[in-house]
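Have the sequence and the 3D view open as you read.

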Amino acid sequence: MAKASQETARPDDPYAAQRARYEELYKRGKASRRDFSEAKGNPKDIPGDLVLWRETLPEGWGASRIVRRGQTLRIVNTLATPGVSVLLYRAADPTERLNMGDTVKIQWSAKLHKGKLLYSDMGRVLASITDDTSGRHDALAGGSSAFSNLARYGDAALRNTRDNFILLASKHGLSKADIPPCVTFFAPVAVDAGGQLVWSAPGASPGDYVDLRAEMDILAFISNCPHPLAPGAYAPKQVELLVWQSPPHEEDDFCATSCEEARRGFDNNHSLLD
């Protein structure tokens, strides 16, 4: 049985062996990982002939869209609203869906940014983050609800992400039982010294955007409601959504080759789709 390192071992630590195993695997994975600075990103201005769909999502509302494999969903935080929440499903079988626990675990980090992946509960890649001008996103706390709005703003009737997602689900033959934890972009959530999730300023800048390239046909739910930890009054602002045709994968596509875990995720995709 492996021994924990001196830095983390405690005499009464019942998880010393598991902790040491985690550290060993983390170091091994980190050693084989490409540097995220190699991720190329996308043009800020997408040529008009590549844009397939565009929509302004009003403050507080939600939208859904099928994004085909090889297309990219761009979310533009035009006015620096404090959080835009997203759920993804495999369009052909929505029982396969975004799994934020696996997304964090497989990539050894809760920090999402350009070059990272969004995984399904089947170990496949739903989408790649091919560009990101913010780098401040939340993979842990989830979206707002009537309960969180009541606690933070004193008003449970304010529009919230959970109810938006339930409404969108009903339009696609799904129910509230089909709403897993979401990712919230443009939400600078951190963990403080006491282990609590906190809003860590600064947030997004006006015009920040994130690009999600679909690695299979996906059903995307987008909710434009403030993150439950966002400071200040309830004041969401409109965002811009567009879907554009991505270029074909290059042989050394960063997202697909960034690490062993990424390659396995794409291998799982190819086994199903190709």
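How many of the six residues of strand β11 (residues 218-223) are buried? Six of the six are, so the strand is mostly covered, where buried means under 20% relative accessible area, exposed means over 50%, and partly exposed lies in between (1.4 Å probe, protein chains only). Please keep in mind that this is a predicted model, in which local features need pLDDT of at least 70, side-chain atom pairs count only at pLDDT 80 or more, and totals for chains, interfaces and linings use all residues. Residues are numbered from 1 along each chain as its sequence is written, and side-chain values use heavy atoms, with hydrogens and water left out.

## The sheet around β11

Strand β11 is covered on both faces. Ile218, Ala220 and Ile222 are buried on one side, and Leu219, Phe221 and Ser223 are buried on the other. Helices (H or I, at least four residues) and strands (E, at least two) are DSSP runs, numbered from the N terminus.

Which strands make up the open sheet, and in what order? The order of its four strands is β2-β11-β4-β7, with antiparallel pairing. The edge strands are β2 and β7, each of which pairs on one side only. Direction ignored, neighbouring strands of this sheet are turned by 25° against each other on average. Axes here are lines fitted to C-alpha atoms, for helices over the stretch in contact, and angles run from 0 to 180 degrees between N-to-C directions.

Helix α4 (residues 161-170) packs on this sheet and touches β2, β4 and β11. Contact means heavy atoms within 4.5 Å. The direction of α4 makes about 145° with that of β11.

Two strands count as paired if DSSP finds at least two bridges between them. Strand β2 (residues 62-67) is joined to β11 in the antiparallel sense over six bridges, and Val67 stands opposite Ile218 in β11. Strand β4 also pairs with β11 in the antiparallel sense, over six bridges, with Arg90 opposite Ile218. Between β4 and β7 the antiparallel pairing runs over three bridges, and Val86 stands opposite Val183 in β7.

## Salt bridges

How many salt bridges does the structure hold? There are 13, a salt bridge being a side-chain nitrogen of Lys or Arg within 4 Å of a carboxyl oxygen of Asp or Glu. Here are some of them.

| Salt bridge | Distance, N to O |
|---|---|
| Lys40 and Glu250 | 2.9 Å |
| Arg69 and Asp274 | 3.0 Å |
| Glu215 and Arg213 | 2.6 Å |

Lys40 is exposed at 64% relative accessibility, while Glu250 is partly exposed at 45%.

Arg69 sits in the loop between β2 and β3, and Asp274 in the segment after α6 (260-273), so this pair links parts 205 residues apart in sequence. Arg69 is partly exposed at 37%, and Asp274 is exposed at 60%.

Are Glu215 and Arg213 buried or exposed? Glu215 is buried at 5% relative accessibility, and Arg213 is buried at 6%. Elsewhere, salt bridges that share partners join Arg90, Asp93, Glu96 and Arg124 into one network.

## Backbone spots worth a look

Most residues other than glycine have a negative phi, and most peptide bonds are trans. Ala80 has a positive phi, near 65°, and lies in the loop between β3 (71-77) and β4 (84-90). Ala80 is partly exposed at 23% relative accessibility. Phe186 also has a positive phi, of about 60°, in the loop between β7 (183-185) and β8 (189-191). Phe186 is buried, with a relative accessible area of 1%.

The peptide bond from Ala201 to Pro202 is cis, with omega near 0°. Pro202 belongs to the loop between β9 (197-199) and β10 (208-214).
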